[in-house]
Amino acid sequence: MKKITLPKILDCLKNETGEIIMSKETIEQFKKAICIQPRYAEAHYNLGNCFKAQNQFDNAIDSFKASISIKPDYAEAHYNLGTTLRELGKFQEAQTRFTQAIVLKPGYVSILSNAAKLSCQQFTGESATND
């Protein structure tokens, strides 16, 4: 009998385009996955994305930080932590996370764009909320 890995099981939480379905059920499935495999960085990361989509920013921050503690070079987790911190008005912390993401993945256009927008926002006091 072929062993099914946790990432394969979690594929059922994706739609036909491969995007994670952001729902309460999905959150529960990621929590179960983390109970089974606590050091599964991608599960923590995707749980953070689900929380963020539901405006549960404190939970999202905790999940992104957990992902980063397991996989410190996870540029996307640093980036999404930065966008979440930005949503809460924690601009300096957000900029730090964007900078770390840029160091880890220099060609990641979204990171560069959001880091620039955040710098402009801090300089002018305007809102910069596009991800």
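This report walks through a helix, a nonpolar core and the salt bridges of one structure. Keep in mind that the model is predicted.

**A helix on the inside**

Let's start with helix α5, which covers residues 75–87. Its 13 residues reach 19 Å from the first C-alpha to the last, close to the 18 Å expected at 1.5 Å a residue. Buried or exposed, where do the residues of α5 fall? As it turns out, 12 of the 13 are buried, so the helix is largely enclosed by the rest of the structure. Among the buried ones are Ala75, His78, Tyr79, Asn80 and Arg86. After the helix comes Gly89, and its phi is positive, near 80°.

In soluble globular proteins, nonpolar side chains tend to be buried together. Here, the largest nonpolar core has 24 residues, and Ala43, Leu47 and Leu81 are the ones that touch the most other members. Which elements give two or more residues to this core? They are α2 (24–36), α3 (41–53), α4 (57–70), α5 and α6 (91–104). The top giver is α3, with six residues.

Ala43 is worth a look in the viewer. Leaving aside residues up to four places away in sequence, Ala43 touches Phe30, Ala33 and Ile34.

Side chains of opposite charge can pair when their charged atoms come close.

| Pair | Distance |
|---|---|
| Lys31 and Glu28 | 3.8 Å |
| Glu42 and Lys71 | 3.2 Å |
| Lys105 and Glu76 | 2.5 Å |

Lys31 and Glu28 both sit in helix α2, three residues apart, which is about one turn of the helix. An α-helix has 3.6 residues a turn, so residues three or four places apart point the same way. Lys31 counts as partly exposed because its relative accessibility is 36%, and Glu28 gets that label at 40%.

Glu42 and Lys71 form a salt bridge that links distant parts of the chain: Glu42 belongs to helix α3, while Lys71 lies in the loop between α4 and α5, 29 residues apart. Glu42 is partly exposed at 27% relative accessibility, and Lys71 is partly exposed with a relative accessible area of 30%.

That leaves the bridge between Lys105 and Glu76. Lys105 is in the loop between α6 and α7 (109–124) and Glu76 is in helix α5, so the pair ties together parts 29 residues apart in sequence. Lys105 is partly exposed, at 36% relative accessible area, whereas Glu76 is buried.

Notes. Residues are numbered from 1 along each chain as its sequence is written. This is a predicted model: local features need pLDDT of at least 70, side-chain atom pairs count only at pLDDT 80 or more; totals for chains, interfaces and linings use all residues. Side-chain values use heavy atoms; hydrogens and water are left out. Helices (H or I, at least four residues) and strands (E, at least two) are DSSP runs, numbered from the N terminus. The expected span of a helix is 1.5 Å times one less than its number of residues. Buried means under 20% relative accessible area, exposed over 50%, partly exposed in between (1.4 Å probe, protein chains only). A nonpolar core is a set of buried Ala, Val, Leu, Ile, Met, Phe, Trp, Tyr and Cys residues joined through side-chain atoms within 4.5 Å. Contact means heavy atoms within 4.5 Å. A salt bridge is a side-chain nitrogen of Lys or Arg within 4 Å of a carboxyl oxygen of Asp or Glu.
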